[in-house]
Amino acid sequence: MSTKFDIARLFEDVVDPQPGEVITFMVDLPHDQIKDTKAWADRRQMAEQWHAGIADLCKKVGATLNPLATFAATGANNSNLPDEVEVGGAEMKLDKLMAESNVCFALTQFSATAPLIAFTDKYPSFRAASLPGVSRAMEATALSADYKHVAMMANQLTERCTRAVSAKAVFSTDHEFTFDLRHRAGDADDGYLHADK
């Protein structure tokens, strides 16, 4: 179930920005040791377009949209992020930026998931989406999904997995894998980043 991609709708559905919240978009940049790719350059352009695409929504709800933040690419997934980032042409401590932000979308080449999770642990009002490798093709598929429907399906699957004792995956190669689900409780990853979660 999908519709035409609309970053403002996606952001409103997934993030539900609130009055007074501060929103940050981040990208990593190639440098001497780490060469650029076509897909990575396009991802940075997507970040700029997404950033511009939610400006009116932020004004409407009374949220602040920071200038796009950039930092030198780490070169490895889930590595520590640099201490300094550039925001609107000025250097800023990353920790200060995250402390002052409520929401961060990281459209990066190298995953920032682990360091962003650490910031969510440190700052309870902070939430983040790590989108390493996100591509324009996803705008026509997963990113155009009806996230209310996705959440409903995720919760239904979670309930089923919690009640089940096992689950079997059958692959196109006819290989099978059985998961033991006894003594486990399901946990839905419904794609929502609302402040009340």
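**Entry 1: helix α1.** Before I start: a helix here is a DSSP run of at least four residues, numbered from the N terminus. I'm also noting that this is a predicted model. I looked up aspartate 13 and arginine 9, and both sit in helix α1, four residues apart, which is about one turn of the helix. Their side chains meet in a salt bridge, at 3.5 Å from N to O. Is aspartate 13 buried or exposed? Its relative accessible area is 19%, and buried means under 20%, so aspartate 13 is buried. Arginine 9 comes out at 22%, so I put it down as partly exposed.

Entry 2: I went looking for aromatic pairs and found eight in the structure. One of them is phenylalanine 11 with phenylalanine 105, a tilted pair with 5.1 Å between centres and 55° between planes. What does this pair tie together? Phenylalanine 11 belongs to helix α1 (residues 7-15) and phenylalanine 105 to strand β6, so the pair links parts that are 94 residues apart in sequence. I checked how covered they are: phenylalanine 11 has 0% relative accessibility and counts as buried, and phenylalanine 105, at 5%, counts as buried too.

**Entry 3: β6 and β7.** Staying with β6 (residues 103-106), I saw that it runs parallel to β7, with four bridges joining them. I picked cysteine 104 and traced its bridge partner in β7, which is alanine 128. Together with helix α5 (residues 113-122), the two strands make a right-handed β-α-β unit. Then I turned to the faces of β7 (residues 127-130): Arg127 and Ala129 are on the covered one, Ala128 and Ser130 on the uncovered one.

**Entry 4: around strand β9.** Next I looked for nonpolar residues on the surface. Phe171, Phe177 and Phe179 form a nonpolar patch there, with about 310 Å² of accessible area together. Phenylalanine 177 is in strand β9 (residues 176-180), and with a relative accessible area of 44% it is partly exposed.

Entry 5: I searched the whole structure and got nine salt bridges. Among them, glutamate 176 meets lysine 168 at 3.7 Å, N to O, and both residues are exposed. Another joins aspartate 180 to arginine 182, with 2.6 Å between the closest N and O atoms. I noted aspartate 180 as partly exposed at 37% relative accessibility, and arginine 182 as partly exposed at 44%.

Terms used:
Residues are numbered from 1 along each chain as its sequence is written. This is a predicted model: local features need pLDDT of at least 70, side-chain atom pairs count only at pLDDT 80 or more; totals for chains, interfaces and linings use all residues. Side-chain values use heavy atoms; hydrogens and water are left out. Buried means under 20% relative accessible area, exposed over 50%, partly exposed in between (1.4 Å probe, protein chains only). Two strands pair if DSSP finds at least two bridges between them. A crossover is right-handed if, with the strands pointing away from the viewer, the path from the first strand over the helix to the second runs clockwise. Rings of Phe, Tyr and Trp (its six-membered ring) pair if their centres lie within 6.5 Å; planes under 30 degrees apart count as stacked, over 60 as edge-to-face and the rest as tilted. Patches are made of residues with over 30% relative accessible area and no salt bridge: like charges are joined within 9 Å, nonpolar side chains (Val, Leu, Ile, Met, Phe, Trp, Tyr) within 5 Å. Accessible areas come from the Shrake-Rupley method with a 1.4 Å probe; for residues, only the protein chains shown count as cover. A salt bridge is a side-chain nitrogen of Lys or Arg within 4 Å of a carboxyl oxygen of Asp or Glu.
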